[in-house]
Amino acid sequence: MLRFDGTATPELLRAARRGEIGGVILFPPSGLPQATVRGAIARLQRASREGGNPPLVVATDQEGGDVKRLAEGPPRSSPPELAGAGPDAAQAEGRATGRYLRELGINVDLAPVLDLGLPESFVASRTFGADPASVATLGVAFAEGLEEAGVAATAKHFPGLGRAIANTDLGQSVVERSRRELAPGLEPFRAAVGATVPLVMTSNATYPAYDPERPASLSAVITRLLRSELGFNGVVITDDLLAGGIAGAGYAPAEAAVAAARAGADLLLFARLPAPEALPALVAAQRRGTLDPNALRGSCARNLALRQSLGG
C-alpha cells in the first residue's frame, strides 16, 4: 500500500494496472476538492480493473479528533468525546463516517484506535479511554457503524500502544512491560476479533515481553498472538514501514518489507516517501525461498477476499 495525495499519478496508475500494489493510503492536501479526490480514486480503480485485478484498498485515517485526514467530514466527535456519549453515539458516528468515505470511493477506514488511553501513552488523546471493557465496546460500535455503511474498519495498533511513551512515528519505542502488564491492552482487540472486524493494524513499537528483537509489525507477535491466541483470520496491515519505529530499530525499507512478510503481515504500508525497492526485495526473497510459499498464498487469499468484498 502506497501513499496517495489525491492525484492519480502515472506511477500509481501504472502500478495499479500491473497489479504491483494492493492499495493506497490517502493523505489529501488541505483544501483539495472532494470531486478531485473522487475522480482520482475512480481512475485508480479503473486502472486496476483494466489490468485484470480486483478493486484496490483505498484507505485513510478518519479517526476523529486529532487524526482526521478529511477535516470537513465526520466523525464530528473525537474518541474521548464518544467515550462520554456511549456506544450508540459511537456507532452513529461510525455510520456517518462510512457513508461519507464511501461516497468518495474510500473503502477502508484505518480506525478505530483500540489502544488504551493510559496517562503515559503518546496516543492517549486518540483513544476511547483507559478502561479495556469500555474501549472494546466503543471501538466495536464504531467499527460496526462503518461496516453498516460499506466501509471496512481497522482495529489498531496491535498489541496496543497504551504503554508506549515514545511516538513510533518519530523513533524507536520500546515498551518495557511484562506480559501481565500488557494483557489488558489485548482485550479490545479480542473483542474486535470476536466482532469480525476485517483488518488489524500492527504497532511499530517493540515489546520485549513478546519479542526482544523486532517491532510488532515485523514480529511473530502476528502469528503467535494475533492469529493463534486471539484467532484473527482477517487481513493484517502494518503501520507505516517507513516510520521511526522501524527505521530506529535498524530496518531499511526493503528489509522491513521482507521482515514484515516473513512475520505474517498481509498488507505492507508505506505511508511516507515512495519505497521502490520494496517490491523487488519481496520478489527476490520469494525466489530465494526466504518467504514461505504457503504463508504467501494465505496472505494473497486474505488480501483478495478483502478486495473483492470491497467492490470498485
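Which residue in β3 does Gly-23 stand opposite? In this predicted model, Gly-23 faces Val-57 of β3.

Strands β2 (residues 23–26) and β3 (residues 57–60) run parallel and are joined by 3 bridges. They belong to an open sheet of 7 strands, and the pairing is parallel. Read across, the order goes β1-β2-β3-β6-β7-β8-β9. At the edges sit β1 (2–4) and β9 (235–237), each of which pairs on one side only. Helix α2 (residues 34–50) packs on this sheet, where it touches β1, β2 and β3. The direction of α2 makes about 145° with that of β1.

**The pockets**

| Largest | about 1400 Å³ | 25 nonpolar, 11 polar and 12 charged residues |

What lines the largest pocket? There are 48 lining residues, and the closest to the centre are Glu-20, Ile-21, Gly-22, Leu-279 and Leu-282. Helix α11 (293–310) is one of the elements giving at least two residues to this lining, and its 8 residues are the largest share.

As for the second largest pocket, 23 residues line it. Closest to its centre are Asp-61, Arg-69, Asp-169, Asp-239 and Asp-240.

Notes:
Residues are numbered from 1 along each chain as its sequence is written. This is a predicted model: local features need pLDDT of at least 70, side-chain atom pairs count only at pLDDT 80 or more; totals for chains, interfaces and linings use all residues. Side-chain values use heavy atoms; hydrogens and water are left out. Two strands pair if DSSP finds at least two bridges between them. Helices (H or I, at least four residues) and strands (E, at least two) are DSSP runs, numbered from the N terminus. Contact means heavy atoms within 4.5 Å. Axes are lines fitted to C-alpha atoms, for helices over the stretch in contact, and angles run from 0 to 180 degrees between N-to-C directions. On a 1 Å grid over the protein atoms alone, a cavity is a set of points where a 1.4 Å probe fits but cannot get out, and a pocket is an open set with protein on both sides within 12 Å along at least five of seven lines; lining residues have an atom within 4 Å of a point. Grid points are joined across faces, edges and corners, and a volume is the space filled by probe spheres set on the points. Ala, Val, Leu, Ile, Met, Phe, Trp, Tyr, Cys and Pro count as nonpolar, Asp, Glu, Lys and Arg as charged, and the others, Gly among them, as polar.
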